[in-house]
Amino acid sequence: MKFSELYEKWHAEKILEIKPSTKALHAMHWRMLSAAIAEKDISDFGRTEAKLLLYEMLEAGLSPKTAKDRMAFVKQMLLFAATTLEAKIKPTDWRLKYPQGTPREIKSFTEAEMLRIVRYAEEEIKTGRVSVLPVAMSIMTGMRIGETLALRWGDIDWTHNIIIVRRNVVKAYDPETKTERYFVGSPKTKQGYREIPMLPVLRRILREIGGKTPDIGNYVVGNSGNPTGHGSVRDSYSRFLKRHRLPSINFHGLRHTYATLLVASGGDVKTISTLLGHSKVSLTLDLYVHPTLESKRKTMNKAFRKLRIYDADAPADFTPKTEKD
């Protein structure tokens, strides 16, 4: 069986099980992989062929993450062939090594900048410039850009002051129109379905736009029956930063700011992870929880406090002393 035939069988089987955005992503993967593997026999595809395919993708300029995603897609199809179609394939434990990408730098606004952003956003919305609403929503809820765009008025519990995240807007390749378009689907992860308490200032901003009885079927951003696109929101956000002379940090930095402030306030990591919709608490820890030099000193002072009995002149702790002239 060739990969082209396998893809058709796999696609027919999975099409009813996956959300539209995932279907579009799979179509994109296949479109980019088909030239390399469509005519290959699946029974001949082993570790050597996998390594060669990976090498070709990296040489073509793909990022390690994208290449890894596409290799996982190939493996999914092969495992489907073995388990569902009972086809004979080579072992899929390819033990591939991927280049280490540059560590992701987390950029966020300071607390003072956050206060300016909220104040400026509310002022602009009052004057009719409602395009900045996603800025206020993201920095006060930590919602991803696609989650803000997918929020409907019916997802807001005004009685209990809660925003309920149920959907996400993603941009993906549509195999039917052969163009990229926006899809409204489920959140990024299972944990993405969540409830976020609504701060009073955000409630006031939302009431300013939607009024007392907004149409519950309309999307909050744009206040219409169709979702707004990512591009227009990012353009509006960029102009907002320039108008108010704020640091040039990408839109996702608003979510990082929300998370960073929660951590700095002493919130427990499990609660913060739940608010962010992270799939694992470890992701929250890796991204946002980093020990400061002060916390390192306090930990060492506590662990080695008994060492001071050996030296009467030893300082009370490991905090460096400032030399006097």
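Visitor: Which residues make the nonpolar surface patch of about 300 Å²?
Guide: Met300, Phe304 and Leu307 make that patch (residues over 30% relative accessible area without a salt bridge, nonpolar side chains joined within 5 Å; Shrake-Rupley, 1.4 Å probe; a salt bridge is Lys or Arg side-chain nitrogen within 4 Å of an Asp or Glu carboxyl oxygen). The model is predicted, with local features needing pLDDT of at least 70 and side-chain atom pairs 80 or more, while totals for chains, interfaces and linings use all residues. Numbering runs from 1 along each chain, and side-chain values use heavy atoms, without hydrogens or water.

Visitor: Where is Leu307?
Guide: Leu307 sits in the segment after helix H13 (293-303) (DSSP runs, helices at least four residues, strands at least two).

Visitor: Switching to the second largest pocket: how much space lies in it?
Guide: About 260 Å³ (1 Å grid, 1.4 Å probe, an open set with protein on both sides within 12 Å along at least five of seven lines, lining atoms within 4 Å of a point).

Visitor: Which residues lie nearest its centre?
Guide: Of 13 lining residues, Met114, Ile139, Met140, Leu199 and Tyr258 lie nearest the centre. Helix H5 (111-126), helix H6 (133-141), strand S5 (194-197) and helix H10 (252-264) each give two or more residues to that lining.

Visitor: And how many are nonpolar, polar or charged?
Guide: The lining has 13 nonpolar residues, no polar and no charged.

Visitor: Now Leu33: buried or exposed?
Guide: Leu33, in helix H2 (residues 20-37), counts as buried because its relative accessibility is 1% (buried is under 20%). Its C-alpha lies 9.2 Å from that of Met57, 24 residues apart along the chain.

Visitor: What about Ala27?
Guide: Ala27 is also in helix H2 and, at 7% relative accessibility, counts as buried. Ala27 and His11 are 16 residues apart in sequence, with 8.9 Å between their C-alpha atoms.

Note on methods:
Grid points are joined across faces, edges and corners, and a volume is the space filled by probe spheres set on the points. Ala, Val, Leu, Ile, Met, Phe, Trp, Tyr, Cys and Pro count as nonpolar, Asp, Glu, Lys and Arg as charged, and the others, Gly among them, as polar. Patches are made of residues with over 30% relative accessible area and no salt bridge: like charges are joined within 9 Å, nonpolar side chains (Val, Leu, Ile, Met, Phe, Trp, Tyr) within 5 Å. Buried means under 20% relative accessible area, exposed over 50%, partly exposed in between (1.4 Å probe, protein chains only).
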